[in-house]
Amino acid sequence: MPKKPHKFNALLDAMDTFLRTPATVTDGRCHVRDAVDMKRIMITVMIALTPALVFGWWNVGFQHFLAIGEQTALWQCLWYGILKWLPLVIVTYVSGLGVEVLFAQIRKEEVAEGFFVTGFLIPMIMPPDVPLWIVAVATIFAVIFGKEVFGGTGYNFLNPALLARAFVFFAYPSVISGDQVWVSGADAVTCATPLSFVMNGHPEAVTPTWDLFLGTIPGCIGETCKLAILLGAAILLFTQVADWRIMLSVFTGGYLTAAIFHVTGLCPVEAHDQLLMGGFMFGAVFMATDPVTAAHTRDGKYIYGLLIGTLAILIRTLNKGYPEGMMLAILLMNIFAPLIDYCVIQAHIKRRRRLKT
C-alpha cells in the first residue's frame, strides 16, 4: 500500500530538492532523457545574473558615499550594498515562495523552481531604499495574479518580476520614481539617473558613453553595469538558455528607432547611448528572453524582439512622465506574444497550401 504523503509535502519536497537532484526519474522508452532540467536552467540564469548583482552591490555603496561626500574603500561600498540588498531578497523569497508553497499544497503538486529566478530578479530592479512591506505586497501580487491564477510556472503569460515592478510603479509611484530614490540615503540630494535627466529636457546633462557602459551611475541594483550584463548574456547564449534571436532583435529595434528619433531631432541622445541608458540592456538580456512569456516560433521571436525595442524607445521619447519604457514594452509584448505566434503559424500554413496548389 503506497505511503500517504505528508500534509506539508509541497514544502518539504521544495526544501529537499533545492540543492539536491530529485529522486524521481522517468523510465520507459517513450521518454527523452536529458541532463538539463528546470533546476539547472534556473541556476544557470542566476549565475548569469551574478556579475551584474555583484557590481550592483558595489555601486549602491559607491553612489551613497558619493552623494554624502565621503570617500571609502571598495569593500565598504560592497558591504553597504550587500546590507541594502539582503533584506530585499529575503522578503522577496519569503513572501513569494510562501505563496508558491501554499498554492502547491492546495493543488497537491510540487513547488516549481521558476520563482528562484524571479526572487533573484525582483530586488535587482527595485530602488535600494524601497520599503520592504511594499516589496512583499508587490511580490505576492505578482505571484498570485501573474502566475498562480493561470496555473503556475509555465502557464503565466506575464513576466512576474516585471509585474512586481509595474505594481510598485502604479500603486506606489513615489518610491520608484523621482530623483532621490535611486541613491540610498540621499533624500536631500538630487541624484537623477542619466535617462531621467535627458528625457526631461536637459540634453546638456548627457553622461559620457564610457560611464554608461561601466555603470558608475545611479540606478537599480542590477541594471547599471552594461559590461556585467553582457557577460551574463554570453553565459546565457553559450549555454543556450536564452535565444539570440530575441536579444538581437530587441537591440536592433531599439537602435533603429533611437537613430530615427536622433536624426529627426526629436531626441538629442545618440542611438548607442539610448541602449546603454536605464534598464534597456538588462531587459533585453534577462526579461525579454523569458522562455515562458516570449514568443516561441522562430519568426515570431524576431517580430517580438523588434517590437519590444521599438516600443521601449517610443515610450521613452514620447512619454515624458515615464522615461523608462522597457518595462511597459516587455509586458505589452508578453500579452501579444501568443497572437504573434498564431499569426506566424497561420502564415506558414497558407504558404504551404499555396506551394501545394
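User: Which helices supply at least two residues each of the lining of the largest pocket in this predicted model?

Analyst: Four elements do: helix H2 (38-67), helix H4 (114-121), helix H9 (226-238) and helix H12 (280-287). H2 gives the most, with six residues.

User: How much space lies in that largest pocket, and which residues are closest to its centre?

Analyst: The space comes to about 660 Å³. The lining counts 32 residues, and Ile 41, Met 42, Val 45, Asp 290 and Pro 291 are the closest to the centre.

User: What makes up the lining of the largest pocket by class?

Analyst: There are 17 nonpolar, 10 polar and five charged residues. Asp 290, one of those closest to the centre, counts as charged because Asp belongs to that class.

User: Let's turn to helix packing. Why are H3 and H4 called roughly antiparallel?

Analyst: Look at the angle: the axes of helix H3 (residues 74-107) and H4 cross at roughly 150° and come within 9 Å. Angles over 145 degrees count as roughly antiparallel. H3 and H4 are therefore roughly antiparallel to each other. Their crossing is right-handed.

User: Which residues make the contact between H3 and H4?

Analyst: From H3 come Trp 85, Val 89, Thr 92, Tyr 93, Gly 96, Leu 97 and Glu 100, while H4 brings Phe 115, Phe 116, Gly 119 and Phe 120.

User: And how do the residues of the contact of H3 with H4 divide by class?

Analyst: Seven are nonpolar, three polar and one charged. Gly 96 and Gly 119 are part of this contact, and they count as polar because Gly is placed in that class.

Note on methods: Residues are numbered from 1 along each chain as its sequence is written. This is a predicted model: local features need pLDDT of at least 70, side-chain atom pairs count only at pLDDT 80 or more; totals for chains, interfaces and linings use all residues. Side-chain values use heavy atoms; hydrogens and water are left out. On a 1 Å grid over the protein atoms alone, a cavity is a set of points where a 1.4 Å probe fits but cannot get out, and a pocket is an open set with protein on both sides within 12 Å along at least five of seven lines; lining residues have an atom within 4 Å of a point. Grid points are joined across faces, edges and corners, and a volume is the space filled by probe spheres set on the points. Axes are lines fitted to C-alpha atoms, for helices over the stretch in contact, and angles run from 0 to 180 degrees between N-to-C directions. Angles under 35 degrees count as roughly parallel, over 145 as roughly antiparallel, 65 to 115 as roughly perpendicular and the rest as oblique. A crossing is left-handed if the near helix is turned anticlockwise from the far one by less than a right angle, and right-handed if clockwise. Contact means heavy atoms within 4.5 Å.
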